[in-house]
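Below is a short briefing on one protein chain, arranged by topic. Please keep the structure at hand while reading.

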Amino acid sequence: MKDFFTGLQFLTRIRLVEQHDWSPDSFGRSVKYFTLIGAIIGLILAGLNYVLSQFLPSHVLAAVIIITEIVLTGGLHCDGFMDTADGVFSGRSRERMLEIMKDSRVGANGVVAFGLLLLLKYSLIIDMTPTMLFAALIAMPVAGRMVMVISITSFSYARPEGMGKAFAQYAGRATLGIAAVVAIAVVAALGIRASISAGGAVVAGILTARYLATVLGGLTGDTYGAVTELTELAVLLLFVI
């Protein structure tokens, strides 16, 4: 349970226990629980949608759902997405891209990319029926964390050190299999539309991770967040299609 709580309290702002030991190997061992944590996030979003849909119009509810996910995750993946956009779209050398991504300041590329991401998520959410949205809100974070696990376990790390390197270094051989079993079980329970949408989104996320690894010479903690956000967007898009 300690490793599960490490992952939960890193990926979300949910605090169930007090932890002082944030060792690199604990980070690595927590990776196998990422899809389960994604399912928890999804259930919270779906539950919120079910309750508030009785009182709020669809366009307001869509905004509340997006804001809730950002608050729930502490904007962790949003930050990685913006930093990745700043670096990759800078048109600089690989080394300079990595330096830009490490800078705590957000540039124009990151702001514009994040604005477009929010606009697309909002548009796709308000286009869904209540039944579709319930399944999509659960499948979305599960698929996103599945691609994060694949990125951590299957791609090299682009920097000699960093927080993301601890995940990659200590994840363990069984991590990908355990995370995949949880993801498949959750998504399959949501029906055929959810299975197809999540499966297609995972493929899109893997291709994105491969592209970023080619450009940057590997992946970083920021790119883990970027592929998670883009995979979530792909789930919503495929649900609507």
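Leu133 lies in helix H8 (residues 130-154); helices (H or I, at least four residues) and strands (E, at least two) are DSSP runs, numbered from the N terminus. The model is a predicted one, in which local features need pLDDT of at least 70, side-chain atom pairs count only at pLDDT 80 or more, and totals for chains, interfaces and linings use all residues. Residues are numbered from 1 along each chain as its sequence is written, and side-chain values use heavy atoms, with hydrogens and water left out.

**Leu133**

- Leu133 counts as buried because its relative accessibility is 6%; buried means under 20% relative accessible area, exposed over 50%, and partly exposed in between (1.4 Å probe, protein chains only).
- Apart from neighbours within four places in sequence, the contacts of Leu133 are Asn49, Ile65, Ile125 and Met128, where contact means heavy atoms within 4.5 Å.
- Leu133 and Leu45 are separated by 88 residues in sequence, and their C-alpha atoms are 9.9 Å apart in space.

**Leu117**

- Leu117 belongs to helix H7 (residues 108-126).
- Its relative accessibility is 3%, so Leu117 counts as buried.
- With neighbours within four places in sequence set aside, Leu117 is in contact with Phe81, Glu229 and Leu233.
- From Leu117 to Val182 the C-alpha to C-alpha distance is 27 Å, with the two residues 65 apart in sequence.

**Whole chain**

- The protein chain contains twelve helices and zero strands.
- For 241 residues, a compact globule would have a radius of gyration near 18 Å, and the 17 Å of the protein chain agrees with this; the radius is taken over C-alpha atoms, and the globule rule is 2.2 Å times the number of residues to the power 0.38.
- Along the principal axes, the C-alpha atoms fill a box of roughly 50 × 40 × 35 Å.
- Of the 241 residues in the protein chain, 50% are buried.
- Among contacts between residues at least 6 apart in sequence, 77% join residues at least 24 apart.
- The accessible surface of the protein chain is about 11100 Å², and 66% of that surface belongs to carbon and sulfur atoms; areas come from the Shrake-Rupley method with a 1.4 Å probe, and for residues only the protein chains shown count as cover.

**Aromatic pairs**

- There are four aromatic pairs by the rule used here: rings of Phe, Tyr and Trp (its six-membered ring) pair if their centres lie within 6.5 Å, and planes under 30 degrees apart count as stacked, over 60 as edge-to-face and the rest as tilted.
- One of them is the tilted pair of Phe4 and Phe5, at 5.6 Å centre to centre and 55° between the planes.
- Both Phe4 and Phe5 are buried.
- Phe10 and Phe27 make an edge-to-face pair, with 5.4 Å centre to centre and 75° between the planes.
- This pair links distant parts of the chain, 17 residues apart: Phe10 is in helix H1 (residues 2-11) and Phe27 in helix H2 (residues 24-30).
- Phe10 and Phe27 are both buried.
- Phe4, Phe5 and Tyr33 make up one aromatic cluster.

**Surface patch**

- A nonpolar patch on the surface is formed by Tyr50, Val51, Phe55, Leu56 and Val60, with about 500 Å² of accessible area together.
- Patches are made of residues with over 30% relative accessible area and no salt bridge, with like charges joined within 9 Å and nonpolar side chains (Val, Leu, Ile, Met, Phe, Trp, Tyr) within 5 Å; a salt bridge is a side-chain nitrogen of Lys or Arg within 4 Å of a carboxyl oxygen of Asp or Glu.
- Tyr50 sits in helix H3 (residues 34-52).
- Tyr50 counts as exposed because its relative accessibility is 57%.
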